[in-house]
Amino acid sequence: MVTVSLSYFSAGGAHDPAAAPYDVLLRTARLADEAGLEAVWIPERHFADFGSLFPNPSVPAAAVAATTRRIQIRAGSVVLPLHHPVRVAEEWAVVDRLSGGRAGISFASGWHGADFVLSRFDAADRRRVMRDGVDAVRALWRGEAWTFTDAAGREIEITSRPRPVRPELPMWLTSGGSVGTFELAGSLGAGVLTHLVGQRPGELRDKIAAYRKTRAEHGGGRGHVTLMLHTHVLDGSPAAAERAEAELARYLTTSMRLDASNVAAVKDAAAFTAMTATDRDAIAAAGASRYIDTGLVCTAAEIPERLAAVASWDVDEVACLIDFGFDHASILRSVDELLGVLV
């Protein structure tokens, strides 16, 4: 059976402006901690209303660290080309110290060109920058010195502070579905954090097999695959199912709009502009239906069977994405019911 954690996208605040913006994150993290769930995953998002509560995952991670006791606290993800490796090592060492050694990071290369106003690098070079940055962060985490070049062109050897509790950084790479990223994670001895946007379960199973094979070839053992799944516990009524489908469709429409605004992918903008409103609604509705069929947007009674199906894909952990549009009260009710099934 897979282990279960919680994952966040918007903290539920996107459509609930009267609510305290981080209430869902902090309350559900405490509930998950008390229930014995695996982890909480906190994202990095920039320049869009949906997800804007999380511009730097280390900040809310520190709040979670201070209010929980045992649950793992992970970045899902740190977009490494947007940050200096020393800052990443410093900030997450603080989270590790605050939590008593519970921090972990999934690194991403980035996907939205507008985000790279925060970077010293061009978006086209993001994968190389991420790869180099991973080596630097891991070395700094271990207490090793790393050489960087300052603004005057001088090479300076740096050792970061504070020192974390864990001697090795628990690490994943975030993949939107590229088998190359799965294999890179295997070669680095890292885990994989992924989702079902743009990939079917059969395709995911094949990529996991490639990951396991690469890990074994590099002496890294089995590894760890975390799959983010949209999660909302339904009461079985037609009204609940209709509302869930509407929230998922709205979420997917927002995702398409973000794709269209991506200056690093002009083809996405052109494709989105060419669609009629009817086309967009149809695509969002089809995607919502697929998530309901394959994810954890279902009744409490269906959850064990759905998790067993995910385990058959060779997934190790399900990160339940709980805040993709519902109001705070609905999210908290759903999490209570989810924990009632799992505990």
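The model is predicted. The chain has 343 residues, and 52% of them count as buried. Its secondary structure consists of 11 helices and 11 strands.

**The chain as a whole**

- Among contacts in the protein chain with a separation of 6 or more, 73% join residues 24 or more positions apart.
- The accessible surface of the chain is about 14,600 Å², and carbon and sulfur atoms make up 54% of that surface.

**Two pairs of helices**

- A pair of packed helices is described by two things, the angle between the axes and the distance between them.
- Let us begin with helix α5 (residues 179-188) and helix α6 (residues 201-217), whose axes come within 7 Å of each other and cross at roughly 25 degrees.
- Because angles under 35 degrees count as roughly parallel, α5 and α6 are roughly parallel to each other.
- The crossing of this pair, α5 and α6, is right-handed.
- On the α5 side, the residues that take part are Val179, Phe182, Glu183, Ala185, Gly186 and Ser187, and they meet Leu204, Lys207, Ile208, Ala210, Tyr211, Thr214 and Arg215 of α6.
- Sorted by type, the residues where α5 meets α6 are 7 nonpolar, 3 polar and 3 charged.
- Next come helix α1 (residues 23-35) and helix α2 (residues 58-67), with axes that come within 10 Å and cross at roughly 40 degrees.
- That angle makes α1 oblique to α2.
- Here, too, there is a handedness to note: α1 passes α2 in a right-handed crossing.
- From α1, the residues Leu25, Leu26, Ala29 and Arg30 meet Pro60, Ala63, Val64 and Thr67 from α2.
- The contact of α1 with α2 is made up of 6 nonpolar residues, 1 polar and 1 charged.

**Two buried helix residues**

- Ala240 sits in helix α7, which covers residues 238-260.
- With a relative accessibility of 17%, Ala240 counts as buried, because the cut-off for buried is under 20%.
- Setting aside residues up to four places away in sequence, Ala240 touches Leu234 and Asp235.
- Ala240 and Thr299 lie 59 residues apart in sequence, while their C-alpha atoms are 9.8 Å apart in space.
- Arg306 belongs to helix α10, residues 303-311.
- At 18% relative accessibility, Arg306 counts as buried.
- Apart from its neighbours within four places in sequence, Arg306 is in contact with Ile292, Asp293, Thr294, Gly295, Leu296, Val297 and Cys298.

**Backbone details in the loops**

- As background, most peptide bonds are trans, and most residues other than glycine have a negative phi.
- The peptide bond from Arg161 to Pro162 is cis, and its omega is near 0 degrees.
- You can find Pro162 in the loop that runs between β6 (155-158) and β7 (171-174).
- Asp314 is not a glycine, yet it has a positive phi of about 75 degrees.
- Look for Asp314 in the loop between α10 and β11 (317-321).
- The relative accessibility of Asp314 is 25%, so Asp314 counts as partly exposed.

Definitions and conventions:
Residues numbered from 1 in each chain as written. Predicted model: local features only at pLDDT ≥ 70, side-chain atom pairs only at ≥ 80, totals over all residues. Heavy atoms only, no water. Helix = DSSP H or I, 4+ residues; strand = E, 2+ residues; numbered from the N terminus. Buried < 20%, exposed > 50% of the residue type's maximum accessible area, 1.4 Å probe, protein only. Contact = heavy atoms within 4.5 Å. Areas by Shrake-Rupley, 256 points an atom, 1.4 Å probe, with all protein chains shown as cover. Axes fitted to C-alpha atoms, helices over the stretch in contact; angles between N-to-C directions. Parallel < 35°, antiparallel > 145°, perpendicular 65-115°, else oblique. Left-handed = near helix turned anticlockwise from the far one by under 90°. Nonpolar A, V, L, I, M, F, W, Y, C, P; charged D, E, K, R; others polar.
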